[in-house]
Amino acid sequence: MISLGGSDGIYGFNTLNEAKDFATTVWNLFLGGSSNIRPFGNAVLDGLDLNIEKGSPLYYSDFIQTMRSFMSGDKSKRYYITGAPQCPYPDPYMGPIIVGSVLENVAKEFDYLYVQFYNNPCFIGSTEFTVTLNQWLNFANQIKEKYEKSPLIFIGLLAHPQASNHSEYYSNPSQVEAVYNITKFNKHFGGIMLWDAGFDSVNIISDSYYSSALSKFLTKENNISLLKDHMAATNNQVIPLESENDKFNDKNVFYNNAFHLHVYYLHLFCVLFSFIFLEK
């Protein structure tokens, strides 16, 4: 996955055509397209993640629709579109409800939403947490009823107390398990997302990673072997090896990927925009 956006830099779209052109560029550079410049060579990434934290909310819908059109036309593999909105509902940049925002217009095109329940007042243990979590779950339910498909909602958490400037946003495994036990039966709940793999690798609890401590109760009821048995680690980025045994349905793909595949984000939005402008 490649994640676009972040809290730094200046980015966004000024016109519909700019959004569509950028979708074409991302597709050709990183996904199923072709280009003389391929940062990862012949590797085809599994999809993209939107982490929009500044600028205008406009035209991301056109970007996502164009990207989904490319993905639907490539039958060689399955692609994913995910988003990482902030937990206050609605997210001021991604929506929903915000006029012109991507989740207001094309939420059905997203597979997963990794809602960031950190760096915000709606963290686990706060009075706002349950309210905002239910708002996101209800939003997914509304999209499902309207379009017969909707994104699964993931609870985004910190993998280490130092993954944020405010350690109170971090939740220990017991706190996470308590939340999981009351949320796991909701059909729109996908699992847990962690920020990020680097911090996870240095948060050792009882001789195992923080993610492994969570996996003990996440996998216990699903009879899914721990992904760490199949992992190859490089530069604090843990990448799952591909095999038929690693393919699960949508509800379980979190247990396969979310801790390790989706937790390291490549914030290349500004870099790509600079590349486009330089090329022009």
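Residues are numbered from 1 along each chain as its sequence is written. In this predicted model, local features need pLDDT of at least 70, side-chain atom pairs count only at pLDDT 80 or more, and totals for chains, interfaces and linings use all residues, while side-chain values use heavy atoms, without hydrogens and water.

I begin with the sheet. Six strands, in the order 1-2-3-4-5-6, form an open sheet with parallel pairing. Strands are DSSP runs of E with at least two residues, and helices are runs of H or I with at least four, numbered from the N terminus; two strands pair if DSSP finds at least two bridges between them. Strand 1 (2-6) and strand 6 (189-195) each have a single partner strand, so one side of each is left without a neighbour in the sheet. Strand 2 (residues 47-52) and strand 3 (residues 80-83) are joined by four bridges, and L48 has I81 as its bridge partner in strand 3.

I turn to helix 7 (residues 210-218). Among the buried residues are Y210, F217 and L218.

Finally, the aromatic rings. The ring centres of Y80 and Y112 lie 5.8 Å apart with planes at 20 degrees, so the pair is stacked; rings of Phe, Tyr and Trp (its six-membered ring) pair if their centres lie within 6.5 Å, and planes under 30 degrees apart count as stacked. Both Y80 and Y112 are buried.

Definitions and conventions. Buried < 20%, exposed > 50% of the residue type's maximum accessible area, 1.4 Å probe, protein only. Phe/Tyr/Trp six-rings, centres within 6.5 Å; stacked < 30°, edge-to-face > 60°.
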